[in-house]
Amino acid sequence: MDVQLKGSDEDEFGIECVVQKGEQKAPSCVHGPTLLFEKVCVGEKKGRRFYACSACRDRKECAFFQWENEKVSEARLMAREEENRSKMPPFTHQEYCSRFRRFLALPLGRRFCQDCQLLLLPGEWETHATHKMSQADDLTEARLSRPSLLLKPLENKKSNAQYLFADRSCHFLLDTIAQQGYRKVLCVGTPRLHELIKLRNQEGKGEPMKTLLLDIDFRYAQFNGTEEFCHYNMFNHHFFGGEAATKVLLSFLIEKDGEKVIMVTDPPFGGLTKPLAWSFSQISETWSKLQTLEASDAEVPMVWIFPYFFEPRILECFPSFTMLDYQLDYDNHPLYKHGKTGRKQSPVRLFTNLNPQDVVLPKEEGYRFCKVCARYVWSENRHCSKCNVCPSKDGRQWKHCSECQKCVKPSWRHCQSCGRCALPGHPCGNSPGLEGCFICGSLKHKRRNCRNKEKRRSCNYRPSRPEAKEGRTQPKQAKKPKRKSGAQRRANKLRKAAE
Ligand SMILES: C[S@@+](CC[C@H](N)C(=O)[O-])C[C@H]1O[C@@H](n2cnc3c(N)ncnc32)[C@H](O)[C@@H]1O
Ligand SMILES: [Zn+2]
Ligand SMILES: [Zn+2]
Ligand SMILES: [Zn+2]
Ligand SMILES: [Zn+2]
Ligand SMILES: [Zn+2]
Ligand SMILES: [Zn+2]
């Protein structure tokens, strides 16, 4: 791996993602090669390593578990392979395509099974007779060209987190890309953007654009040809369609006749930033190798959509990126939604290696151009002459603290005992907090300051207890200070970001 996993990602967690340098082949679950994690227990210097699913952070969804050095019997390996096979989609992509052609030829008898999320052919109606069904009126050509409206979003937070762009955000992305002359858009986990590009082509608006969707949601294979969609896992860069699918990406990345490529990705916000960065750097390297000599070490133009509080982690992996102030909204996310029901300001931003001043943020939505920073910023993000930047990350007006010599969130106050700005009511005296250090158990410091911390690499991942089905042995849960659940932590993070 080329992505540098230096430093710590999410220090207060007890599980870290270990990067392998290809010396050992990881076992596979149904989601492709697993990732190696290390469990660090209180008081122990060295953690125990195990393989777990790259895509699902919930053991209920993928129970794969194997200690790093565990001997796995032939019988168990075969059972595992069989299980992986049985969980694959019911049809191959080619079969989905030919089904779709037959489906389109059924002007009257179109049915979509909502329970199975499948376009049905007449011979299958009986099997689904008791299921909830959409009928012909709902399955016009126009409807079928918007699969993201037809398919039920997979909202399970710990894996798919399929939050779909609101129109405003999706059109902004598309217009920005088109304006900059990109003609090929690699959509990694952005099915709605992919669909919008196809619609734009159908409607003959502007120069035609090619688009390839890479997503783990294979339901999209029903609506897209083999050159338009690959069943893909972005946490391990795994193509479920094997070599044929890899070739689809390869040929998409070739820039012929001035067709410039850009990659747009909107991964589930649950974390694992570094495996994602690794996959994206694989895509970038593939693109770069296909370029002419003078550009051969360049990065593929990329837009990575993620919450602003991931900025340090993304920049650690991609130092050339800039976070832009544009706030993206989602149709089906209760918090990241514009209007009355959601928060007024979404925390989701663009991280990109495009030249920031070329990404024009709409004036009518409250953005302006800062000449000094040479980028468009949110109206509340005032330029600080002392820091010489527009400092706000969260959309509010930050204020300069002369003692800290930097701008801080408006709700923070300078605390003399801590010698820094913090929220009023914070645990004072630079206290590491009640949880203390996860490595040595001391309450005097946090894990990030622990002297016992060695070459540990972490990622935002904390699997729940593996299920007995896969792992005969289970990792012992060492006694440790009680920690919050993932959902609680995320909620706190959002709250903290809002304070
Ligand atoms: C936050 S949503 C982004 C959707 C985007 N906002 C849109 O409207 O087009 C995350 C997307 O990534 C996909 N996804 C989730 N886990 C994935 C994985 N491991 N590999 C590839 N795609 C994944 C989901 O199916 C979903 O389409
Ligand atoms: Zn899995
Ligand atoms: Zn059904
Ligand atoms: Zn500025
Ligand atoms: Zn300042
Ligand atoms: Zn201060
Ligand atoms: Zn204090």
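Let's start with cysteine 187 and what it touches. Leaving out residues up to four places away in sequence, cysteine 187 touches Leu193, His194, Thr211, Leu212, Leu213 and Val264. Keep in mind that this is a predicted model. Where does cysteine 187 sit? It is in strand β10, residues 182–188. Buried or exposed? Cysteine 187 has 25 other C-beta atoms within 10 Å, so it is buried; the cut-off for that is 20 or more. One more pairing here. Isoleucine 262 is 75 residues from cysteine 187 in sequence, and the two C-alpha atoms are 8.7 Å apart in space.

Two of those contacts, Leu193 and His194, take us to the next element. Both are among the buried residues of helix α6. This helix runs over residues 191–202, which is 12 residues. From first C-alpha to last, α6 reaches 17 Å, close to the 16 Å expected at 1.5 Å a residue. The buried residues of α6 are Pro191, Arg192, Leu193, His194, Glu195, Leu196, Ile197 and Lys198.

Now the ligand. There are 24 residues around ligand 1. Which come nearest? Leu164, Gly189, Thr190, Arg192 and Ile216. Two elements give two or more residues to this shell: α6 and β12 (229–233). Helix α6 gives the most, with 3 residues. By class, the shell has 14 nonpolar, 6 polar and 4 charged residues.

A general point before the details. Strands of a sheet pair through backbone hydrogen bonds, either parallel or antiparallel. Here, 8 strands form an open sheet. The order is β13-β12-β11-β10-β14-β15-β17-β16, and the pairing is mixed. Why do β13 and β16 each have one side without a neighbour in the sheet? β13 (238–239) and β16 (322–324) stand at the edges, each with a single partner strand, so one side of each is left open in that way. Further in, strand β15 (residues 302–307) pairs with strand β17 (residues 348–352). The sense is antiparallel, over 5 bridges. Within that pairing, proline 307 has valine 348 of β17 as its bridge partner.

Stay with the sheet for leucine 214. This residue is in strand β11. With 27 C-beta neighbours inside 10 Å, leucine 214 counts as buried. Its contacts, setting aside neighbours within four places in sequence, are Val188, Cys230, Tyr232 and Met234. Leucine 214 and tyrosine 330 are 116 residues apart in sequence, and their C-alpha atoms are 20 Å apart in space.

Next, an annotated region. For "domain: GRF-type", UniProt lists residues 29–71, in an unreviewed entry. How much helix and strand is there over residues 29–71? The chain is 0% helix and 37% strand there, and the end C-alpha atoms are 16 Å apart. Some strands to look at: β4 (residues 35–39) and β5 (residues 48–52) pair in the antiparallel sense over 5 bridges. Lysine 39 stands opposite arginine 48 in β5. β5 also pairs with β6 (residues 65–67), antiparallel again, over 3 bridges. In that pairing, phenylalanine 50 stands opposite tryptophan 67 in β6.

Two loop residues deserve a look. Glutamine 117 is not a glycine, yet its phi is positive, about 55°. It sits in the loop between β7 (111–113) and β8 (118–120). Glutamine 117 counts as partly exposed, with 14 C-beta neighbours inside 10 Å. Then asparagine 388, also a residue other than glycine, with a positive phi near 60°. Its loop runs between β19 (375–378) and β20 (399–401). Asparagine 388 has 10 C-beta neighbours inside 10 Å, so it counts as exposed.

Last, the whole chain. How many helices and strands does it hold? There are 10 helices and 23 strands. Of the 499 residues, 35% are buried. Among contacts with a separation of 6 or more, 55% join residues 24 or more positions apart.

Terms used:
Residues are numbered from 1 along each chain as its sequence is written. Chains are lettered from A and ligands numbered from 1 in the order in which they are written. This is a predicted model: local features need pLDDT of at least 70, side-chain atom pairs count only at pLDDT 80 or more; totals for chains, interfaces and linings use all residues. Helices (H or I, at least four residues) and strands (E, at least two) are DSSP runs, numbered from the N terminus. A residue is buried if 20 or more other C-beta atoms lie within 10 Å of its own, exposed if 12 or fewer, and partly exposed in between; C-beta atoms are placed from the backbone. Two residues are in contact if their C-beta atoms, placed from the backbone, lie within 7 Å. The expected span of a helix is 1.5 Å times one less than its number of residues. A residue is near a molecule or strand if its C-beta atom, placed from the backbone, lies within 6 Å of it. Ala, Val, Leu, Ile, Met, Phe, Trp, Tyr, Cys and Pro count as nonpolar, Asp, Glu, Lys and Arg as charged, and the others, Gly among them, as polar. UniProt positions are given in the numbering used here, feature names are shortened, and annotations may be inferred rather than shown by experiment. Two strands pair if DSSP finds at least two bridges between them.
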